[in-house]
Protein chains: 2
Amino acid sequence: MDHDFEERCETHCVHQDKVIAAKRQMCGLGDPVRLAELFKTMGDPTRLRIIYALMNQELCVCDLAAVTGASESAVSHQLRRLRQQQLVKYRREGKMLYYSLQDNHVMVLMKQGLEHINE
Amino acid sequence: MDHDFEERCETHCVHQDKVIAAKRQMCGLGDPVRLAELFKTMGDPTRLRIIYALMNQELCVCDLAAVTGASESAVSHQLRRLRQQQLVKYRREGKMLYYSLQDNHVMVLMKQGLEHINE
DNA sequence: AATACATATGAACATATATTCATATGTACA
DNA sequence: TGTACATATGAATATATGTTCATATGTATT
């Protein structure tokens with residue numbers, strides 16, 4: 001009968017019912033590739049420092065370089081990625097660009113992450 | 001006088017007051033390196049699929065392989081990282097290990113991330 | 001127009017990372 | 001004790017990623 005089949009892994013055969021259920025539930029969630037890109041974007045110390053720095057005020061690129069300790073070029077590259085991921089926005093004022101966080105999703109994410117770290 | 005100095009970036013000199021303020025505020029937050037590790041852990045499609053799959057039930061390694069489409073070895077490697085990051089736990093039952101999410105921080109993070117994706 | 005400056009971008013390089021394959025571990029069962 | 005099986009682990013490899021250096025873009029100032 002099928003009972004054993006459901007209760008045990010037979011030569012790398014799986015718990016079919018559970019697998020089917022899990023697959024179905026996963027369909028409702030968003031694309032893991034896109035979500036992974038978001039988290040990967042937040043998964044770099046330099047980019048995280050940039051986000052930290054922007055939590056309370058807008059800053060220009062050279063400010064961000066000074067705050068984070070990274071070069072201006074490195075900061076600029078990272079800002080690009082943060083822009084593409086819609087995590088920051090900027091406004092121009094003369095020669096300078098002032099960056100700020102695009103919405104508070106980012107901050108909520110950060111705070112939730114920090115809670116886990118400091119369990 | 002210092003007025004210009006505060007208002008403009010002079011040859012890559014920064015808005016000192018803002019920089020100092022930002023630096024002080026950042027001290028209160030957690031270590032960006034550790035937080036980055038957490039996000040980086042969540043920044044991979046395979047690991048994210050594993051987390052997706054574990055949201056509603058515990059699963060063994062071969063189940064996870066079937067659900068995610070990755071090899072059992074790959075899943076095992078990724079589970080190791082998820083374990084180290086305290087995102088999943090497991091219990092043994094005979095030859096098999098049943099994995100599950102360690103706490104609901106992970107799910108909250110995921111849902112918040114998905115909100116950003118589907119802005 | 002020419003120069004200076006803030007930032008962006010591209011190429012190059014060194015490092016990190018995910019998967020695969022081979023092998024080891026630990027448990028059950030004969 | 002020996003075999004089978006579920007999973008873990010290590011080495012190897014191909015790919016992704018972050019930084020640096022050099023150069024380009026766009027804006028203000030003279």
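Mentor: Before we start, Ala, Val, Leu, Ile, Met, Phe, Trp, Tyr, Cys and Pro count as nonpolar, Asp, Glu, Lys and Arg as charged, and the others, Gly among them, as polar. This is a predicted model, where local features need pLDDT of at least 70 and side-chain atom pairs count only at pLDDT 80 or more, while totals for chains, interfaces and linings use all residues. Residues are numbered from 1 along each chain as its sequence is written, with chains lettered from A and ligands numbered from 1 in the order written.

Trainee: How many nonpolar, polar and charged residues does the surface near DNA strand C have?

Mentor: There are 9 nonpolar, 11 polar and 7 charged residues.

Trainee: What makes a residue near a strand?

Mentor: Its C-beta atom, placed from the backbone, has to lie within 6 Å of the strand. For DNA strand C, 27 residues surround it, and A:Cys60, A:Val61, A:Cys62, A:Ser76 and B:Ser71 are the closest. The largest share, 6 residues, comes from α6(A).

Trainee: What makes something a helix here?

Mentor: A DSSP run of H or I with at least four residues, numbered from the N terminus.

Trainee: Why is α3(A) called roughly perpendicular to α7(B)?

Mentor: The axes, lines fitted to C-alpha atoms over the stretch in contact, have angles from 0 to 180 degrees between N-to-C directions. Those of α3 (residues 32-41) of chain A and α7 (residues 105-117) of chain B come within 10 Å and cross at roughly 105°. Roughly perpendicular covers 65 to 115 degrees, so α3(A) is roughly perpendicular to α7(B).

Trainee: Which residues of α3(A) make the contact?

Mentor: A:Arg34, A:Leu35, A:Leu38 and A:Phe39. Contact means C-beta atoms, placed from the backbone, within 7 Å.

Conventions. Helices (H or I, at least four residues) and strands (E, at least two) are DSSP runs, numbered from the N terminus. Angles under 35 degrees count as roughly parallel, over 145 as roughly antiparallel, 65 to 115 as roughly perpendicular and the rest as oblique. Two residues are in contact if their C-beta atoms, placed from the backbone, lie within 7 Å.
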